[in-house]
Amino acid sequence: MTEIRISGGAVHDPANDVDGDVRDVCLRDGNVVDDVGPGARRIDARGMVVMPGGVDIHAHIAGPKVNAARKLSPDDRRDDALDRTELLRSGSGGLVPSTFATGYRYSLLGYTTVVEAAAPPLAARHVLSELRDTPMIDKAFLILMGNNQVLFELIRESRGAAGAGADRIKDAIAWWLDATGGYGVKLVNPGGVELWKQDNGVVESLDDEVAGFGVTPRQVLEAIGGAVNELGLPHPVHVHANNLGVPGNVETTLDTMRTLSGRQAHFAHVQFHSYGGKPGGLPRSRAPELIEYLGDHPEITADVGQVMFGPAMTMTADAHVSAVLRDLDGGKWINHDTEVETGCGIVPYTYRAGNYVHALQWGIGLELFLLGKDPWQVMLSTDHPNGGSFLSYPKLIRLLMDRAFREDQLRRANQKAIRRTTLLDGLDREYTLSEIAIITRAAPARRLGLRDKGHLGIGADADVTIYHDRADREEMFATPRYVIKGGEVVVEEGDLRRVDDGRLLSTRARFDSEVGRVLEPLFGDRYTVAFEHYPVRDPALREPAQVVEAGGA
Amino acid sequence: MPCSSVADLCPVTCAGCGLLCDDVMVEVAGDAVRLTPDCRLGAEWFSDRVRSGEGPPATINGEAVDVDGALSRAAELLRAARRPLVHGFDGATVEDARAAVALADRLGALVAAGAVTGEWPGAPAIPLRGASTATFGEIRDRSRVVVVWREDPETTHPRLLDRLGLGSTDRTLVVVDDRDTATAQRADVVLRWPRERDLETLASLHVLQKGLAVPSSDLVGGLSELIDRFRAVPHAAFVYGPGLTDGAGGQRRALALHELVRALCHQRHVVTLELLRAAGTRSADDVLAWQSGYGGFVDFASGHPELVTATHPLEDVDVTLGVEAGVGGCVAAGPGVEVWIGTAAAGVAAAGTAHRLDGVPLALQAPLPGDAPTAAVLLTRLLAEIDA
């Protein structure tokens, strides 16, 4: 029995309305408890800040696209090697670290839970294998469903079929989650990836028909978004809207939000979807409009997808975007088409402060953070590694907490772009520690439906990060004093002291098993994998897992 | 559904080649193995492994020993090695490869996910520029023109052409090969030139696709027509493999192919498919990439992984560990000693996970479960023995 008393720290636990109160936090056997015995290890946290372990709601850390990016970019990692030790496996870092390095570095940053935000269901075995080699963190993955030809068929057939058709879609989604071990449902450029794979086509409006399938992006959003809501999955539908990166795309984003109106939904990396202007022209910021819409619609949450100046690795199921970047940059490019389900594009990319578009993207991200009235609604992400590495989170936090630092950085960015944002209009907000605790752990955990994470109430997972309370917030958040995972100290004084395997997080929703009879012939016509071999049943891949039950409508 | 014996006749995944066909029914009668759908290569593969359970569980220099003794000797060899190499993986699963790379990390070994023989083909092409790729189903459902470049899948991957939908009237199969292969016999168009001209031919195709002229004296026959075929379709594919990439300059040729495909992609959707010979190669390469950050050929000697690119690194190797090479087993070989330990063949006697040559991960079943350990189990025990 491991018992720990974290004594005398300033606790920031916004989910329980604790805002910097000096109090003890007690841990026993992997959970937060109200008290521990006199023999408990005492961690003297006086002068320190105590928060729940970080929760990353949207990152790309495992699976075929991540691994393809590793193979594409050995030069990015050559000078960032991790030596093997008695405790740790060797690895390499860079923008797309090896699996062990990914786990170690998230842990060193104080994160204890990470969501891989886009996995092809067909590749679930690969994703699960990689996650088994990603230690230190609890992890989940979202399955890509927005361009699934089988679902397209069910959606088309459901029109006019009243409730039965919708039930069939619901059952199919639950079946897919059960078959893969996925935690939630991701829609990426619904309908648009299929058009890209057909003949390099694109979606321009939500009412464009997906050739050959008789469905539109709007119908896909309505059907799958509605089904996820009705299933009561712990995490609502996670949307990467159409037209990412295209000037003027805020209209598509707002249309997408309106389409899902009244339903719970999470919008990913909204910075990339908040642009005014016209396609082919220079983008403008429409962040204020987007934030205003969010303010009026508490059922919608978002993560920002902040870009950070410097190198990045763009990787997306929205492969058309990668082809655009390929032509802009002329550098390396990977495209991979996955049958029935999705696509993938990868392009190494560098965001430059002097570049108008990059500076505007950077500025829009900051606007979204600073204009948002409810930090529970707008969460921190860089869409790692698309906008920058997760290792840049401390610098991003400093940009939000330290106005003087932010103003200095603003002066270094392309001024024409910055003038087209509201950042120079007296936007002097500085995030508090509790607000940082909300956007980096409490809100993501709540939105993911992880009731035992993101807070320090009795019964919560004993995932805790303890920071020195430094004036330099970047340094503070880059080097936690202690990280406790599952009730064990895993990081101390900036060193990994213990290796934890981490758990897989998955969900379970009830479905009519007869849906298999519907899906099997549709599989047979499309997949080159036998229907009976598609589900992942191997306990070595699926277990141990923490299963979060869907609540139902 | 697992089979208690092959007599139950349930579909299994055949790991006889990188296609990992998972719709295969197996019948065993004595030494005879019959597969449905019919596949000579798959039947041979199953037949070899059905028989491989005969004989001792392990040997040292050909003398029968028990597994524990063999593991101890292998551990001695590897502990004393100055420059160990971990290679093979022909029949390895993801689980085997995970254990092998963990062991290589501990040993500070070289790891080769693919072949280690032959001339050094040069630094890998894909990290230089990337690639456009697809799974089988994408090619089957969309590509109207498929070019098979100096490969003979009818022999090496017997069901490939059928699985890619070739043979139907709206598909064109173009074979580039100066050999008279079984695949060439099925082709709609055969383009013949010596392998030595592949690089310049790919460069010529690149020029032609831009609409520029190439002096006719520099052109091999049929290139302009090939470009016209691409221009007529929205979707096309290239199938390539060791015929292009093996030997000196192999990766330069691969780079030229990927550059051509990239250029073609501006007007249409074009993808490539690399024909890896062995069923386990893709799994090993993927595992190596996620555990180390690098694919292909990785050196752990400095305490961390480094990608081997510049030269052939095998000169100093003194102990090799072959993992599921050939008909199977783990073989540790050093100066004057060869230790062999039999393993349960994945896909016949043991279950596991394998990555198809297009990257799709699949389950391997165990239609004839055996008592032998898997390579993953053996390698994990070997690591524990070395650490003891």
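In the predicted model, the axes of helix H9 (residues 198-209) and helix H10 (residues 223-231) of chain B come within 10 Å and cross at roughly 55°. Axes are lines fitted to C-alpha atoms, for helices over the stretch in contact, with angles from 0 to 180 degrees between N-to-C directions. H9(B) and H10(B) are therefore oblique to each other; angles under 35 degrees count as roughly parallel, over 145 as roughly antiparallel, 65 to 115 as roughly perpendicular and the rest as oblique. The crossing of H9(B) and H10(B) is right-handed, that is, the near helix is turned clockwise from the far one by less than a right angle. B:Thr201, B:Ser204, B:Leu205, B:Leu208 and B:Gln209 of H9(B) meet B:Leu223, B:Ser224, B:Leu226 and B:Ile227 of H10(B), where contact requires C-beta atoms, placed from the backbone, within 7 Å.

The model is predicted: local features need pLDDT of at least 70, side-chain atom pairs count only at pLDDT 80 or more, and totals for chains, interfaces and linings use all residues. Residues are numbered from 1 along each chain as its sequence is written, and chains are lettered from A and ligands numbered from 1 in the order in which they are written.

In chain A, the axes of helix H5 (residues 149-158) and helix H8 (residues 217-231) come within 10 Å and cross at roughly 90°. H5(A) and H8(A) are therefore roughly perpendicular to each other. A:Leu151, A:Ile155 and A:Ser158 of H5(A) contact A:Gln219, A:Val220, A:Ala223 and A:Ile224 of H8(A). This set comprises five nonpolar, two polar and no charged residues.

Chain B has 14 helices and 19 strands, taken as DSSP runs numbered from the N terminus (helices H or I, at least four residues; strands E, at least two). The C-alpha atoms of chain B fill a box of roughly 65 × 50 × 30 Å along the principal axes.

Between the chains, 48 residues of chain B are in contact with 47 residues of chain A. Elements of chain B that each supply at least two residues to this side include helix H3 (94-107), strand S7 (130-134) and helix H13 (281-292). The chain B side divides into 20 nonpolar, 17 polar and eleven charged residues. Strand S18 (residues 333-338) of chain A pairs with S7(B) in the parallel sense over five bridges, pairing being assigned if DSSP finds at least two bridges. A:His336 stands opposite B:Thr133 in S7(B).

How values were computed:
Two residues are in contact if their C-beta atoms, placed from the backbone, lie within 7 Å. Ala, Val, Leu, Ile, Met, Phe, Trp, Tyr, Cys and Pro count as nonpolar, Asp, Glu, Lys and Arg as charged, and the others, Gly among them, as polar.
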